[in-house]
Amino acid sequence: MSSLLKIAEKIFVVLTLFLSTTALIPVLVEKEDVGITSDPYSPILFMGVYLITGILVWKRQQTFIFFAQKNIWIWLLVGVALASIFWTVAPDITPRRSFLLLGTTVFGVYLAMRYSLREQLELLGWAFSLIIILSFIFAIALPKYGVMTFQEDGIHGGAWRGIMSHKNILGRTMVLSSLVFFFLAISKLVSHPKHRWFAWGGYILSLLLILLSTSKSALIISICTTLTIPLYRTWRSKYTRLIPTAILAILVMGSGAILLLDNLPIVASAIGKDLTLTGRTDIWNLMLDLIQQRPLFGYGFNAFWRDWDSEVTAYLWRNLEWECPYGHNGFMDLLAELGISGLGLFIISYINTYIRSIRYLCLTKYSESIFPLIYLTFLLIYNITESTLVTTNSIFWILYVSMIFSVAFEYEQAKNFQLVGENLTIMDMENSQP
């Protein structure tokens with residue numbers, strides 16, 4: 001019975017991770033004559049998810065408290081989101097969304113306390129396998145759903161979106177999927193050859209879906225994150241190797257940046273963008289005008305981008321002359337919603353986790369110990385032009401929270417193991433002396 005409960009728990013986690021990518025349901029409820037269709041089912045499903053999570057956490061409340069104490073910054077950030085109920089410009093939205101954020105955060109901590117980084121990668125692999133298989137089925141057998149047609153007036157017609165609501169969302173999800181399968185494939189803990197081939201197959205299919213989605217941003221970010229993997233691996237080396245490698249990386253990136261800046265118009269034209277990042281700088285300039293009016297605490301969690309009934313959103317849409325759904329920059333959206341206080345707390349939590357991830361990497365030899373650094377890099381790069389930082393029911397927030405607490409715990413474990421090893425070595429040396 002115990003083994004069946006463990007299997008059921010893993011199935012619950014895989015399905016939750018699957019849903020948190022916004023897969024399938026938004027595609028099925030979409031209607032051509034309505035435009036962007038609201039999804040009434042996912043919020044209900046996630047309420048069920050958080051109820052089950054609460055029960056699972058309650059059964060292991062001491063372990064949860066032990067884990068939850070390892071990072072105060074993330075709880076302060078969630079606290080600011082909850083407190084924004086008192087100053088939000090959207091009192092009908094912020095209370096519900098902020099409590100959903102708390103539920104999403106608790107699930108992230110639960111994931112960290114129940115499964116090691118290695119086990120989390122395996123569960124993610126199963127979730128992404130479902131997305132990959134269904135995306136190919138929908139795009140080939142059900143192109144009405146799996147291929148971009150009428151969306152955005154048909155300008156992306158023919159691009160694959162699989163079981164996602166947009167081709168760019170498929171591309172973004174597959175970048176993360178490719179990273180997960182890559183680390184599963186190179187892991188030294190994979191003993192059976194067929195498991196390794198399964199992981200490599202997932203990696204190749206993820207890259208293929210990036211290409212079929214025609215998402216240029218996803219392709220560029222996939223290349224960038226993949227290139228950082230060997231750089232992070234050198235951080236395990238001695239300082240005599242690390243310093244020359246760091247200097248070489250700086251020279252290469254500096255030279256590349258100079259070439260990019262010198263040929264910016266040509267590069268922008270080649271990838272189908274303009275020098276305003278497809279109008280994003282216009283959005284950010286207007287957002288800054290409003291942020292200056294409420295700089296400390298912002299307009300409330302999820303209260304900035306709404307509809308024409310909101311004065312804030314209506315002001316932006318009138319000046320932009322189109323109904324922009326979000327700020328296309330995670331840091332700008334966070335600053336607008338929770339002000340300097342919210343953005344500051346996120347930056348502190350990010351830097352704290354990044355430094356701890358480096359220390360954890362240097363103490364271990366497993367390939368998957370690089371994954372937290374790669375995920376943090378992925379999250380940072382993507383949020384320059386997209387908005388996936390502090391979001392409810394989102395796999396990106398779930399994994400960010402999970403990385404924070406997983407790294408904190410596993411770093412302490414690795415450090416204690418190293419100390420025990422050093423003490424045993426000293427005792428052996430002392431016992432061997434005459």
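Reply: Of the protein's 434 residues, 48% count as buried, where buried is under 20% relative accessible area, exposed is over 50% and partly exposed is in between, using a 1.4 Å probe and protein chains only. Keep in mind that this is a predicted model, so local features need pLDDT of at least 70 and side-chain atom pairs count only at pLDDT 80 or more, while totals for chains, interfaces and linings use all residues. Numbering starts from 1 along each chain as its sequence is written, and side-chain values use heavy atoms, with hydrogens and water left out.

The fold has 18 helices and zero strands; these are DSSP runs numbered from the N terminus, with helices being H or I of at least four residues and strands E of at least two. Among contacts with a separation of 6 or more, 74% are between residues 24 or more positions apart, a contact being heavy atoms within 4.5 Å.

Now the rings. There are 29 aromatic pairs in the structure: rings of Phe, Tyr and Trp (its six-membered ring) pair if their centres lie within 6.5 Å, and planes under 30 degrees apart are stacked, over 60 edge-to-face and the rest tilted. Take Trp87 and Phe297: their centres are 5.0 Å apart and their planes sit at 45 degrees, so this pair is tilted. It ties together distant parts of the chain, 210 residues apart, with Trp87 in the loop between α5 (72-83) and α6 (94-114) and Phe297 in the loop between α14 (280-291) and α15 (311-320). Trp87 is partly exposed at 24% relative accessible area, and Phe297 is partly exposed too, at 38%.

α5 and α6 pack at about 160 degrees with axes 9 Å apart, the axes being lines fitted to C-alpha atoms over the stretch in contact, with angles from 0 to 180 degrees between N-to-C directions. That makes α5 roughly antiparallel to α6 (under 35 degrees is roughly parallel, over 145 roughly antiparallel, 65 to 115 roughly perpendicular, the rest oblique). The α5 side of the contact includes Trp75 and Leu82, and the α6 side includes Phe99 and Val106.

Finally, one aromatic cluster includes Phe183, Phe371, Tyr375, Phe378 and Tyr382. Those residues also turn up where α9 meets α17, with Phe183 on the α9 side and Phe371, Tyr375, Phe378 and Tyr382 among those in α17. Helix α9 (residues 167-186) packs against helix α17 (residues 371-382) at about 165 degrees, axes 11 Å apart, which makes α9 roughly antiparallel to α17.
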